[in-house]
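Student: I have just opened this structure. Please walk me through a helix pair and a sheet.

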Amino acid sequence: MTDLIIHNARIRTMAPDAEVSAHTAVAIADGKISALGSDAEILSLESDALEVVDARGATLTPGLIDSHLHPVWGAELTVGVDLGGLTDIADVRRALAAEAERRGADEWVRGWNLDYKVFSSGGLDGSIRGDLFDDAVDGRPLALVCYDLHTGVGNAAALAAAGIDGSERFDDASEVVTGADGKPTGELSEIPAYMMLLDRIPGADAATIAQRTRGVLSAMAATGVTGAAVMDGRESTLDVLETIERDLDGLPVRLHIAMWHQPGDGDDRVETLTGMYGRRGDRYAVSMIKIFIDGVIDTGTAWLHEPDSSGESRTPFWGSMERYAEVVRAYHSAGYQVATHSCGDAGVAAVVEVYRSLDGPSANGAPHRIEHLETMTDDDVDAVVESGVIASMQPLHMQWREGDASDSWAVRLGPERMHHGFRVRDVIDRGGHVVLGSDWPVAQNDARLGMAWARLRRLPGDPDAPVFEADQRLSAEETLLAYTRWAAEALGRDDLGIIAPGAVADLALWGDDPIASDSDRLTDIPVLMTTIAGTPVHREESPA
């Protein structure tokens with residue numbers, strides 16, 4: 001039986017050597033594309049179809065795959081007031097004061113998406129301090145997370161309530177930053193440090209986190225997303241996903257889970273995670289391991305070939321690169337695809353060297369990956385390409401850069417290295433493999449916005465906005481490939497990311513052609529329908 005027919009469509013199959021298909025209709029049966037052809041050919045199956053959709057000339061593409069996402073952790077972190085877009089300390093204080101008024105007298109004040117520029121505004125010297133917000137929250141415990149998820153901020157009341165006194169030590173480069181007096185300043189550098197604070201705050205129950213997560217994924221489905229690589233898998237992540245599948249009508253996005261290994265994890269943790277390979281639900285599966293080799297450029301915790309302008313970003317998170325290599329080999333032997341976070345160029349080079357020592361790709365044929373690759377030398381680009389490593393990048397992270405190079409990322413890198421940012425064009429031109437994603441909640445998870453940044457290298461909708469490394473722009477077709485077929489291939493899947501008989505029917509129906517459309521208009525194109533295995537998970541009014 002045919003489950004769904006979509007006809008009268010402009011079809012972009014994204015299959016090799018195919019542009020706009022001569023076909024105008026598809027039939028879907030048992031979750032897969034059963035036939036592709038003309039309206040007449042496919043509508044001959046109409047009597048057997050459960051549903052027939054007239055696309056009225058809309059464009060059908062494979063569903064989009066966000067190649068770097070944190071849906072469950074993001075649902076846990078995006079609590080309180082969204083401070084995104086606020087770069088002046090006075091504006092942040094006002095927002096926190098309003099949030100404090102909304103909360104009960106005994107509640108903590110929380111915020112997220114905090115910009116580092118705030119600490120250099122209003123005559124401040126750039127030092128990250130929790131006491132800067134005490135008056136705004138009337139001395140109540142305050143916990144903030146910066147937009148990149150690599151720095152937290154707590155005031156003295158919050159640190160005291162959490163039992164954090166500055167004596168804490170970590171297995172990686174994380175730090176509870178202290179002042180000359182030995183007392184914490186409020187800056188909690190890197191994830192293990194600030195999670196010590198957040199984990200001590202009374203949080204939402206599991207059912208609430210599941211509802212939030214499903215809401216995030218449903219919003220993504222409305223932008224054409226049908227799949228995502230989840231880069232922070234924990235046992236609690238899988239519990240949330242199972243709750244959604246059991247109690248909340250299922251996942252609206254297909255999720256490929258990377259379990260999280262931290263530098264301090266021992267052999268017992270390796271053994272535990274090795275045993276989780278292949279764990280799956282209806283629409284999620286564990287297939288990857290996520291490892292951090294460094295932090296971020298903005299705070300001096302990346303790993304660069306040469307120190308940054310503050311003399312930092314000189315070392316990896318791992319005290320022993322031999323141990324990193326040992327862990328990678330263990331997971332590779334277990335069949336996992338390994339995804340390593342590296343923002344810095346030295347980190348990229350070191351990870352490629354370790355990957356090259358392995359005996360091929362992961363068990364499902366997926367090459368190992370590096371996440372972010374925010375700056376690379378020419379030699380690093382060549383090494384990534386020659387090794388076959390997947391470069392998983394997020395050009396929309398350039399939204400925090402300033403045209404005058406006054407942002408912390410550019411200042412840290414300096415005038416030469418900042419122009420080596422997000423070298424997607426160079427990797428592709430040299431024959432390498434690029435996939436794109438959002439890194440939500442670091443950046444917005446509207447895939448149309450991510451595609452616009454890849455094509456424009458500037459803020460979409462503002463032709464006068466500064467353009468960053470215009471020579472690295474991607475074409476419209478390359479951008480869509482990086483969100484469809486290339487993203488699927490990077491996951492070891494040849495049945496996703498294309499429209500072809502036998503492929504899984506994860507599809508997006510667009511109100512306008514996302515390739516032919518002007519890049520500045522991408523975010524305005526409605527996604528009329530999104531399907532997972534032929535089942536609609538999002539619908540809007542049909543085009544006129």
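Student: At what angle do helix α10 and helix α11 pack?

Tutor: This is a predicted model, where local features need pLDDT of at least 70, side-chain atom pairs count only at pLDDT 80 or more, and totals for chains, interfaces and linings use all residues. Residues are numbered from 1 along each chain as its sequence is written, and side-chain values use heavy atoms, without hydrogens and water. Helices (H or I, at least four residues) and strands (E, at least two) are DSSP runs, numbered from the N terminus. Helix α10 covers residues 345-356 and helix α11 residues 378-387; their axes (lines fitted to C-alpha atoms, for helices over the stretch in contact) lie 10 Å apart, and the angle (0 to 180 degrees between N-to-C directions) is about 25°.

Student: Which term describes how α10 lies to α11?

Tutor: The packing angle is about 25°. Angles under 35 degrees count as roughly parallel, over 145 as roughly antiparallel, 65 to 115 as roughly perpendicular and the rest as oblique. Therefore α10 and α11 are roughly parallel.

Student: Which residues of α11 meet α10?

Tutor: Contact means heavy atoms within 4.5 Å. From α10 come D345, V348, A349, V352 and R356. Their partners in α11 are D380, A383, V384, E386 and S387.

Student: Which strands form the edges of the four-stranded open sheet?

Tutor: Two strands pair if DSSP finds at least two bridges between them. The order is β4-β3-β1-β5, with mixed pairing. Each edge strand pairs on one side only: these are β4 (32-37) and β5 (49-54).

Student: Which residue in β4 stands opposite A27?

Tutor: Strand β3 (residues 25-29) and β4 pair in the antiparallel sense, over five bridges. Opposite A27 stands A35.
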